[in-house]
Amino acid sequence: MPSVLGLLEAREKKVREEVARLREEAERVQAALGEAERALPRLADARVTVAEVLAEPPRAVVEPVGSAVAGAVVPRRTEGMTASALPADYQRIVSVLESEAGREGMRCQKLAAALGLQAVPAKVEGLRSKAKRLVEGGRALQTRPGVFTPLGTPAG
């Protein structure tokens, strides 16, 4: 037969474990409550702002004049326009394409290396996007899928 002290010790241990578990749960609930309390005013402010904006009369939206390719920062090439009209990143790409190495056409991995960038997928895809914008803006040619040359280079 177990002793009374042994039974009390076992019961005490069980209750201590329950207290620890409940404290952890209370801390978790307190943290969740804090997050919810911080989110509530932001959501209320956002609701009020949206209601104010929707209550205003609609205004005419002025579209930009078509000097740039839609969604791009590359201005469409016009007579007499130099590469200096391009953003710096695009100027660097054009200068590499116009170099001796670029005249034969460059894939974006080779272009990345020529620009001193790592040929990792993120950099290569960013360059591909910029090279395609240069093509759309009349600044470069895509002679074959994924191969870019400077404007005026015959397709190979």
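In which helix does Leu-5 lie? Select Leu-5: this residue lies in helix α1, which spans residues 4-55. Helices here are DSSP runs of H or I with at least four residues, strands are DSSP runs of E with at least two, and both are numbered from the N terminus. Before continuing, please note that this is a predicted model, in which local features need pLDDT of at least 70, side-chain atom pairs count only at pLDDT 80 or more, and totals for chains, interfaces and linings use all residues. Residues are numbered from 1 along each chain as its sequence is written, and side-chain values use heavy atoms, with hydrogens and water left out.

**The whole chain**

Buried residues make up 20% of the 156 residues; buried means under 20% relative accessible area, exposed means over 50%, and partly exposed lies in between (1.4 Å probe, protein chains only). The protein exposes about 11,700 Å², of which carbon and sulfur atoms supply 58%. Accessible areas come from the Shrake-Rupley method with a 1.4 Å probe, and for residues only the protein chains shown count as cover. Among contacts with a separation of 6 or more, residues 24 or more positions apart account for 44%, where contact means heavy atoms within 4.5 Å.

**Helix α1**

Leu-5 itself is exposed, with a relative accessible area of 61%.

Next, select Arg-16 and Glu-12 and show their side chains. They meet in a salt bridge, with an N to O distance of 2.5 Å. A salt bridge is a side-chain nitrogen of Lys or Arg within 4 Å of a carboxyl oxygen of Asp or Glu. Both residues lie in helix α1, four residues apart, about one turn of the helix. Arg-16 is exposed at 56% relative accessible area, whereas Glu-12 is partly exposed at 40%.

Continue to Arg-21 and Glu-25. The closest N and O atoms of this salt bridge are 3.1 Å apart, and the two residues, both in helix α1, are again four residues apart, about one turn of the helix. Glu-25 is partly exposed, with a relative accessible area of 35%, and Arg-21 also counts as partly exposed, at 41%. The structure holds five salt bridges.

**From helix α2 to helix α4**

Which residue forms a salt bridge with Asp-89? Select Lys-130: the closest N and O atoms of the pair are 2.8 Å apart. This pair links distant parts of the chain, with Asp-89 in helix α2 (residues 88-98) and Lys-130 in helix α4 (residues 121-136), 41 residues apart. Asp-89 is partly exposed at 39% relative accessible area, and Lys-130 is partly exposed at 21%.

Now select Tyr-90, Ile-93, Val-94, Val-96 and Leu-97, which are buried in α2. Seen down the axis of α2, the buried residues fall within an arc of 160°, so they line one face of the helix; the arc is that of the directions from the helix axis to the C-beta atoms. The cover over these residues includes β1 (106-107), α3 (108-114), α4, β2 and β3.

In helix α4, select Ala-131. This residue is buried, with a relative accessible area of 1%.

**The β2 and β3 hairpin**

Finally, select residues 140-144 and 147-150. These are strands β2 and β3, which pair in the antiparallel sense over four bridges; two strands pair if DSSP finds at least two bridges between them. Two residues lie between the strands of this hairpin, and Gly-146 takes a positive phi near 85°.

Where is the bridge partner of Leu-141? The partner is Thr-149, in β3. Thr-149 is buried, with a relative accessible area of 1%. Leaving aside neighbours within four places in sequence, the contacts of Thr-149 include Leu-97, Gly-102, Arg-103 and Thr-143.
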